[in-house]
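Hello,

Here is the structure I promised to pass on. Please look through it first; my notes follow below.

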Amino acid sequence: MSSPTGPASGLPVRMPRPRQPGRHRRPEPVAAPEGAPALVLAVPGAPSTTTRSLAEEVVSIARSELPGLDARIGYLDGTEDATVTSFPEFPSLHSVLAHAAAERTARVERARAAGAEVAEPDGPVAVVVPLLAGPDAALMRRIRQAVMDSRAAAELSDVLGPHPLLAEALHVRLSEAGLARADRARLFTVATAADGIVLATVGGEEAVQAAGITGMLLAARLAVPVMAAALDEEGAIAATAEQLRGSGSAQLALAPYLIGPELDSGLLDAAAKEAGCSVAEPLGPYPAIGKLALAKYTTTLGITPQQPSGTPVH
């Protein structure tokens, strides 16, 4: 059973390596200051053990990047009932935020009861980071409403993309499916490599435009045309596939510009079948997702640790 601060099962948290001696040693990672706001990952879609595992891996990556980070998970469609001492298996975003606010109030009251002079906290109790690769107006409205309903002093960050790390993640998922070269620097070919990519997203025209930015980065990595289309718009994937075929692409792949929980079951496979495309897996808990979630947290708070950067895919 989950707790508001992470998995009860105790997923391993990767700790930074010991500081190496010498002039070329890596700088020590910045640790989260005591009392820093919580990072609350807002997870869309129907809660499930698969979704929970994905979200827990994302917050584990964020914790490994910023030791001492208080990272929690709130489900947009989770269970509302929660108290300070008991939490449901899939707590709602509203409940997690209300719990975080109650915890901070309790800490202040305990300190004052012990005779300490404690000022009223003036910063946010949490930063809510949507687990979304691109904008989705309907989901963001619901997340924003949950933040308001909690009456917690919480900030809401932007979605994770567009970002070069997401282009890297898409490249990896395509290569895992045998639809792209794993190493763009080498000249060997893959028999099933696609010569055109349909980048599938959900969330309307704004989401398609945002996906198109990451699509340009992916096209530069693979040297093949990439076009974005709305998975939740009937016929859009098939129409985009035909447009690519009309421009000379013969072997197409469908690459979901989606993390996973926001994707309706069966929608991806149905669209791939209609368009006659091979399909890659969603982004899932790729390490970049956790790094970008942390970057949104620190940016919202005005903290400027080392920014995440892309790495070659081998």
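**The sheet and its helices**

L41 has V129 in β3 as its bridge partner. Five bridges join β1 to β3 (residues 126–130), and the two run parallel. Helices (H or I, at least four residues) and strands (E, at least two) are DSSP runs, numbered from the N terminus.

This is a predicted model: local features need pLDDT of at least 70, side-chain atom pairs count only at pLDDT 80 or more, and totals for chains, interfaces and linings use all residues. Residues are numbered from 1 along each chain as its sequence is written, and side-chain values use heavy atoms, leaving out hydrogens and water.

Four strands make an open sheet, ordered β2-β1-β3-β4, with parallel pairing (at least two DSSP bridges between two strands). At the edges sit β2 and β4 (154–156), each pairing on one side only.

Two helices pack on this sheet. Helix α2 (residues 93–113) touches β1, β2, β3 and β4 (contact: heavy atoms within 4.5 Å). Helix α8 touches β1, β3 and β4.

Now to α1. Helix α1 covers residues 49–65, which is 17 residues.

Best wishes

Conventions
Expected span 1.5 Å × (residues − 1). Axes fitted to C-alpha atoms, helices over the stretch in contact; angles between N-to-C directions.
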